[in-house]
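Good morning, everyone. Please have a look at the structure on the screen, and then I will walk you through it.

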Amino acid sequence: MGSYENIKLENKENGVWVLTINRPQALNALNSAVLNEMAEAFRQISELSFEDAKALVVTGAGEKAFVAGADIKEMMDMNEEQAKQFAKRGQSIFHEMNLLKIPVIAAVNGFALGGGLELALACDFIIASDNAKFGLPEVSLGLIPGFGGTVRLTRAVGIRKAREMTMTGEMVIAEQALHLGLVNQVVPFSDLTSAVMKKVETILTRSPLAVSEAKKSINQAFDLETESALENEAQIFANLFTSKDTREGTQAFIEKRKPVFKGE
Ligand code: CAA
């Protein structure tokens, strides 16, 4: 699908897509070319049906880095306006990824720094290899995170740990990240792909429509105050009662059989 130079987009098996940031020589740093290709990949995936796109895995090429951040060489000569556009572009691409109806899982295979951690944080789950390291080192460059880090890290680990990581720029290792609730699971490097696929397979046995609506309700709840978020949840819950998947899931339970979901 598409022709890409800085990423790889593969349909691994039966509707599970893998997007690999593919600049290992620069530790998969995100430059404009990578960001543009990611935007195009998310656009293409968003147009596919549940049958053709069931889940997306985001990872980095090589054994060293998931993504070591935005490309410092590209950023260093930017003026104020260009920097604003660059941050807005990264934020909006990650937002588009966040809005995908399917589960999006970050398979973090090494350094996830700056824009790399911000990318992982915009995914629905983070599964990390035991050599992974996470951090927002932007203050060492005289910068702050610009692709959503001050927002999403705070929501992920709470304000004190987010302040510590952002203001010191210190990295946390995979086990610490697990302890902080920053990642869902840590596995040996050699098991990363199989652990991610196992999680995907579990989700794929559920109703794709319900999974998608659950994701939507959780995401929207972040931006709403409690009463509106609860009202929103009740409406999404109610909407599902017009779907075939809800009828099939409840009927299958009564008939003591496995449901066959169609995402309709
Ligand atoms: N941008 C551009 N190039 C990068 C890069 C980045 N973020 N990170 C690594 N590279 C390049 C290096 O320049 C080097 O290239 P050369 O061989 O041409 O010199 C190559 O990748 C390998 O990197 P190192 O030699 O530095 O590898 P190392 O093992 O010694 O160190 C590292 C690894 C600790 C991850 C180190 O590369 C590093 O600190 N990278 C930068 C991390 C960083 O500061 N990220 C935040 C970027 S700013 C940002 O992301 C802003 C935002 O929120 C939008």
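**A walk through the model**

Now the ground rules. This is a predicted model, where local features need pLDDT of at least 70, side-chain atom pairs count only at pLDDT 80 or more, and totals for chains, interfaces and linings use all residues. Residues are numbered from 1 along each chain as its sequence is written, and side-chain values use heavy atoms, with hydrogens and water left out.

Back to Glu 164. Which residue does Glu 164 meet in a salt bridge? The partner is Lys 161, at 3.2 Å from N to O. A salt bridge here is a side-chain nitrogen of Lys or Arg within 4 Å of a carboxyl oxygen of Asp or Glu. Lys 161 is also partly exposed, with 23% relative accessibility. Both residues sit in helix H6, residues 159-168. They are 3 residues apart, about one turn of the helix. A word on labels: helices (H or I, at least four residues) and strands (E, at least two) are DSSP runs, numbered from the N terminus. And the general point: an α-helix has 3.6 residues a turn, so residues three or four places apart point the same way.

How many salt bridges are there by this rule? The count is 12. Take Arg 257. Arg 257 forms one with Glu 248, with the closest N and O atoms 2.7 Å apart. Arg 257 also forms one with Glu 255, again given as 2.7 Å, N to O. Now compare their surroundings. Arg 257 is partly exposed at 33%. Glu 255 is partly exposed at 41%. Glu 248, at 17%, counts as buried. There is a network too: salt bridges link Glu 40, Arg 43 and Glu 47.

**Helix H3**

Next, helix H3, residues 80-99. H3 has 20 residues. From its first C-alpha to its last, H3 reaches 28 Å, close to the 28 Å expected at 1.5 Å a residue. That expected span is 1.5 Å times one less than the number of residues. Which residues of H3 are buried? They are Phe 86, Gly 90, Ile 93, Phe 94, Met 97 and Asn 98. These residues cover an arc of only 150° around the axis, which puts them on the same side of H3. The arc is that of the directions from the helix axis to the C-beta atoms.

Look at the start of H3. There, a side-chain oxygen of Asn 79 comes to within 3.1 Å of the backbone nitrogen of Glu 81. That is a polar contact: a pair of N or O atoms within 3.5 Å, where, within protein, one must be able to donate a hydrogen and the other to accept it, and residues adjacent in sequence count only if both atoms are side-chain atoms.

**Around the ligand**

Now the ligand. There are 23 residues around it, and Lys 64, Ala 70, Gly 115, Glu 118 and Glu 138 come nearest. A residue is near when one of its heavy atoms lies within 4 Å. A polar backbone atom of Ile 72 is 2.9 Å from a nitrogen atom of the ligand. Glu 118 puts a polar side-chain atom 2.7 Å from a ligand oxygen. For Gly 146, a backbone N or O atom lies 3.0 Å from an oxygen atom of the ligand. On its own, the ligand has 980 Å² of accessible area, and the protein covers 66% of that. Those areas come from the Shrake-Rupley method with a 1.4 Å probe; for residues, only the protein chains shown count as cover.

Last stop. Ser 243 is in the loop between helix H10 (226-239) and helix H11 (244-254). Is Ser 243 buried or exposed? Ser 243 is buried, at 5%. A polar atom of the Ser 243 side chain lies 2.7 Å from the backbone oxygen of Leu 240. The Ser 243 side chain also makes a polar contact with the side chain of Thr 246, at 2.9 Å.

Leu 27 has a phi near 50°, a positive value in a residue other than glycine. Leu 27 is in the loop between strand E2 (16-21) and helix H1 (32-46). Lys 256 has a positive phi as well, near 55°. Lys 256 lies in the segment after H11, and Lys 256 is exposed, at 77%.

Technical notes
Buried < 20%, exposed > 50% of the residue type's maximum accessible area, 1.4 Å probe, protein only.
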